[in-house]
Amino acid sequence: MLELLSKFYFILPLTLLLVTIGLAVRGSKKLRHGVECTGTITEFYRSTNSRGQGTIAPMISYTIHGYTNEFVGNCYWTSMRVGNKIKLLYDESDPSKVSIKAALYMAPMISGILTAFFTLPIIIFAVLKFNGIDVF
């Protein structure tokens, strides 16, 4: 059982690290190549899955080159209200590809914190083992 747990504790942080790197790379590309614009929250989209769990996402309207578009945002904060202005980044070659700018920072930060949380016990056990202290 302990061996299975140790494998889990090795695989989980590694997986989270890869996810964090992927999110950071994707976000940095959008930050470097995206064009910033401002959108307005027009309403909130609410949905419920088959288990009865609900999600809320903002419907955001934005105007680029005189054309108004709408999309459902991929993140929600309780401070969001209808009428709030929000910074967006869009792909100039395809203005329908738009992201909430703050979400590009938040996703890698959250997965990075989780990676650190699950990596810390590994580091502690490794240091103890290196110093000759047998934990189990």
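Is phenylalanine 118 buried or exposed? In this predicted model, where local features need pLDDT of at least 70, side-chain atom pairs count only at pLDDT 80 or more, and totals for chains, interfaces and linings use all residues, phenylalanine 118 is buried, with a relative accessible area of 19%. Residues are numbered from 1 along each chain as its sequence is written, and side-chain values use heavy atoms, with hydrogens and water left out. Buried here means under 20% relative accessible area, exposed means over 50%, and partly exposed lies in between (1.4 Å probe, protein chains only).

Five strands form an open sheet in the order E3-E2-E1-E4-E5, and their pairing is antiparallel. Strands (E, at least two residues) and helices (H or I, at least four) are DSSP runs numbered from the N terminus, and two strands pair if DSSP finds at least two bridges between them. At the edges stand E3 and strand E5 (94-100); each has a single partner strand, so one side of each is left without a neighbour in the sheet. On average, neighbouring strands are turned by 40 degrees against each other, direction ignored. E1 and strand E2 (residues 54-64) run antiparallel and are joined by nine bridges. Threonine 48 is found opposite glycine 54 in E2. Helix H2 (residues 101-130) packs on this sheet and touches E1, E4 and E5, while its direction makes about 55 degrees with that of E5. Contact means heavy atoms within 4.5 Å; axes are lines fitted to C-alpha atoms, for helices over the stretch in contact, and angles run from 0 to 180 degrees between N-to-C directions.

The aromatic rings come next. Three aromatic pairs are present in the structure. Rings of Phe, Tyr and Trp (its six-membered ring) pair if their centres lie within 6.5 Å, and planes under 30 degrees apart count as stacked, over 60 as edge-to-face and the rest as tilted. One of the pairs, phenylalanine 44 with tyrosine 76, is edge-to-face, at 5.6 Å centre to centre and 85 degrees between the planes. This pair links distant parts of the chain, 32 residues apart: phenylalanine 44 lies in strand E1 (residues 35-48), and tyrosine 76 in the loop between strand E3 (67-72) and strand E4 (85-91). Phenylalanine 44 is buried at 17% relative accessible area, whereas tyrosine 76 is partly exposed at 33%. Phenylalanine 117 and phenylalanine 118 have ring centres 5.2 Å apart and planes at 85 degrees, so this pair is edge-to-face too. Phenylalanine 117 is exposed, with a relative accessible area of 57%.
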